[in-house]
Amino acid sequence: TAVLARANAGGLFSIGRTPDSEKTRSVFERALKKCRKQAERAGRARTGRCGRHALLLIIMEEMNMRDDNCIFCKIANGEIPSATVYEDDDFRAILDLGPASNGHTLILPKNHYKDLCEADETVMAKILPLAAKLGKSMKSQLGASGFNVVQNNGTSAGQTVFHLHVHVIPRYEGGPD
Ligand code: AMP
Ligand code: ZN
């Protein structure tokens with residue numbers, strides 16, 4: 001039900017388009033087609049019907065709210081192991097594989113958003129307080145004297161993984177480590 005509610009609330013109608021706009025209709029039609037194909041493959045060819053739940057999941061995928069090919073989706077949801085330093089219902093924070101300094105952390109929302117432009121505002125509102133919390137513990141636990149909060153949107157801005165993430169990079173007196 002949580003997924004259904006999210007798909008209903010965030011999927012079709014919270015993006016500033018009316019339900020009957022051309023773009024929304026084409027997303028819906030594409031999703032419906034995919035869903036019917038999946039239903040057929042699953043052996044329900046005769047009715048051609050697909051479940052409401054399955055349809056909403058595909059709509060979410062079409063809207064980039066969920067992406068089965070996204071590595072950060074898999075990490076955030078625990079399907080791929082990671083060096084997790086923090087987790088709650090909305091986020092997982094992990095150590096960056098190519099750290100700019102000791103303790104370089106990435107905050108990953110558990111839902112898939114390509115970048116900040118796509119993100120749910122309630123998620124955005126929670127990210128900065130979490131970055132501050134992690135920054136504080138970098139100071140108290142790692143001996144950092146400061147930290148950077150960085151977030152890249154788009155290739156030209158240096159984004160390389162297209163699942164919204166916030167870098168929290170601890171800084172140390174006298175050097176990067
Ligand atoms: P960005 O350039 O903002 O898209 O940052 C992507 C960051 O993700 C880089 O700092 C990478 O080192 C890091 N990264 C990529 N793949 C992984 C992974 N599997 N686990 C942890 N960090 C990763
Ligand atoms: Zn993702």
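Before anything else, please keep in mind that the model is predicted.

I will start with the whole chain. There are five helices and five strands. If you read along the sequence, the pattern is α-α-α-α-β-β-β-α-β-β. The chain has 177 residues, and 37% of them are buried. Its accessible surface is about 10500 Å², with 53% of that belonging to carbon and sulfur atoms. Then there are the contacts. Taking those between residues at least 6 apart in sequence, 55% join residues at least 24 apart.

Strand β1 covers residues 84–87, and three bridges join it to β2. These two strands run antiparallel. They form a hairpin, with three residues between them. If you want one pair to look for on the screen, find Thr 84, which stands opposite Ile 94 in β2.

Strand β2 also pairs with β3, which is residues 105–109. This pairing is antiparallel too, and it runs over five bridges. Here the pair to look for is Leu 95 and its bridge partner in β3, Thr 105.

Why is β2 described as largely enclosed by the rest of the structure? The strand is residues 91–95, and four of these five residues are buried, so the description follows from that count. Buried here means under 20% relative accessible area. As a general point, side chains in a regular strand alternate between the two faces of the sheet.

Next, the zinc ion, which is ligand 2. Which residues coordinate it? They are Cys 70 and Cys 73, each through SG, and His 112 and His 163, each through ND1. The distances are 2.0 to 2.3 Å. Along the sequence, the spacing of these donor residues is C-x2-C-x38-H-x50-H.

What is the geometry of the site? It is tetrahedral, and the angles among the four donor atoms are 105 to 115°. For reference, the ideal angle for four tetrahedral donors is 109.5 degrees.

Cys 73 comes out at 10%.

Note on methods
Residues are numbered from 1 along each chain as its sequence is written. Chains are lettered from A and ligands numbered from 1 in the order in which they are written. This is a predicted model: local features need pLDDT of at least 70, side-chain atom pairs count only at pLDDT 80 or more; totals for chains, interfaces and linings use all residues. Side-chain values use heavy atoms; hydrogens and water are left out. Buried means under 20% relative accessible area, exposed over 50%, partly exposed in between (1.4 Å probe, protein chains only). Helices (H or I, at least four residues) and strands (E, at least two) are DSSP runs, numbered from the N terminus. Two strands pair if DSSP finds at least two bridges between them. Donors are N, O and S atoms within 2.8 Å of the metal (3.2 Å for Na, K and Ca); water is not among the atoms, so sites may look incomplete. Four donors count as tetrahedral if all angles lie between 85 and 135 degrees; four count as square planar and six as octahedral if opposite donors are over 155 degrees apart and all others between 65 and 115; anything else is irregular. Contact means heavy atoms within 4.5 Å. Accessible areas come from the Shrake-Rupley method with a 1.4 Å probe; for residues, only the protein chains shown count as cover.
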